[in-house]
Amino acid sequence: MNRVLKCAALCVALATAAPPASAALQLRVSDGTPAGTLIITDQGIDDANPTLGVVSYTGPVGSQWLITVNTGTSKPVLGSAAQPDIDLMSFDLSSTSGGTLTVELTDTDYTGSGPATINVGGNTAGTVLVKSYVDYNN
């Protein structure tokens, strides 16, 4: 069964199972297997967008998922160190065998005490679970 999900945020877990600590914006996508887990760091080797504050990935995730566009945006493009504002967008995600895809976006080194703005939204043909987490100590 070919299952196509088109949405602005798919199975998003913002920093609930946080990627390793890093001062840079990070996008993590996972099909739940070690081989199907990718961590894309802003301006890193797999980042498809060279703009500071925007991290983007296009390609396979494990053996069952294909992402056409997955983009996370943070400071300095959105918000600032004193005003946390992050946005996650996922478009044209498809799977040949279904399953769960987890998309996480995390950023650190904010200096303000809030409020934080986290943007998630869109349309999907499947189930979307959205979680967000803000740690004002970080």
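Mentor: Gladly. Let us begin with a term: a salt bridge is a side-chain nitrogen of Lys or Arg within 4 Å of a carboxyl oxygen of Asp or Glu. Keep in mind that this is a predicted model. The structure holds two salt bridges.

Trainee: What makes the meeting of Glu104 and Arg28 a salt bridge?

Mentor: Their side chains come to 3.3 Å, N to O. The cut-off is 4 Å between a nitrogen of Lys or Arg and a carboxyl oxygen of Asp or Glu, so the pair qualifies.

Trainee: Which parts does this pair tie together?

Mentor: Glu104 belongs to strand β8 (residues 102-106) and Arg28 to strand β3 (residues 26-30), so the bridge links parts that are 76 residues apart in sequence.

Trainee: Why is Glu104 called buried?

Mentor: Its relative accessibility is 3%.

Trainee: Are Lys75 and Asp107 buried or exposed?

Mentor: Both are buried. For Lys75 the relative accessibility is 17%, and the cut-off for buried is under 20%, so Lys75 falls on the buried side. Leaving out residues up to four places away in sequence, Lys75 touches Gly53, Ser80, Ala81, Asp85, Asp107, Thr108, Asp109 and Tyr110.

Trainee: What is the form of the peptide bond from Lys75 to Pro76?

Mentor: That bond is cis, with omega near 5 degrees. Pro76 is placed in the loop between β6 and β7.

Trainee: Why is Ser74 called buried?

Mentor: Ser74, which is in the loop between β6 and β7, has a relative accessible area of 0%. That is under 20%, so Ser74 is buried. Its side chain makes a polar contact of 2.6 Å with the side chain of Tyr110. Beyond its neighbours within four places in sequence, Ser74 is in contact with residues including Leu25, Ile86 and Asp107.

Trainee: What makes Gln43 partly exposed?

Mentor: Its relative accessible area is 49%. Exposed means over 50% and buried means under 20%, so Gln43 lands in between. Gln43 is in the loop between β4 (37-41) and β5 (54-61). Phi of Gln43 is near 65 degrees, a positive value in a residue other than glycine.

Trainee: And why is Asp109 partly exposed?

Mentor: Its value of 44% lies between the 20% and 50% limits, so the word is partly exposed. Asp109 is found in the loop between β8 and β9, and its phi, near 65 degrees, is positive in a residue other than glycine.

Trainee: Which residues have the most contacts inside the largest nonpolar core?

Mentor: They are Leu27, Val61, Ile67, Leu101 and Leu105, in a core of 16 residues. The elements giving two or more residues to this core are β3, β5, β6, β7 and β8.

Trainee: How many helices and strands does the protein chain have?

Mentor: There are zero helices and ten strands. Of the 138 residues of the chain, 39% count as buried.

Trainee: What share of contacts between residues at least 6 apart in sequence join residues at least 24 apart?

Mentor: In the protein chain, that share is 61%. As for the accessible surface of the chain, the total is about 6900 Å², with 55% belonging to carbon and sulfur atoms.

Definitions and conventions:
Residues are numbered from 1 along each chain as its sequence is written. This is a predicted model: local features need pLDDT of at least 70, side-chain atom pairs count only at pLDDT 80 or more; totals for chains, interfaces and linings use all residues. Side-chain values use heavy atoms; hydrogens and water are left out. Helices (H or I, at least four residues) and strands (E, at least two) are DSSP runs, numbered from the N terminus. Buried means under 20% relative accessible area, exposed over 50%, partly exposed in between (1.4 Å probe, protein chains only). Contact means heavy atoms within 4.5 Å. A nonpolar core is a set of buried Ala, Val, Leu, Ile, Met, Phe, Trp, Tyr and Cys residues joined through side-chain atoms within 4.5 Å. A polar contact is a pair of N or O atoms within 3.5 Å; within protein, one must be able to donate a hydrogen and the other to accept it, and residues adjacent in sequence count only if both atoms are side-chain atoms. Accessible areas come from the Shrake-Rupley method with a 1.4 Å probe; for residues, only the protein chains shown count as cover.
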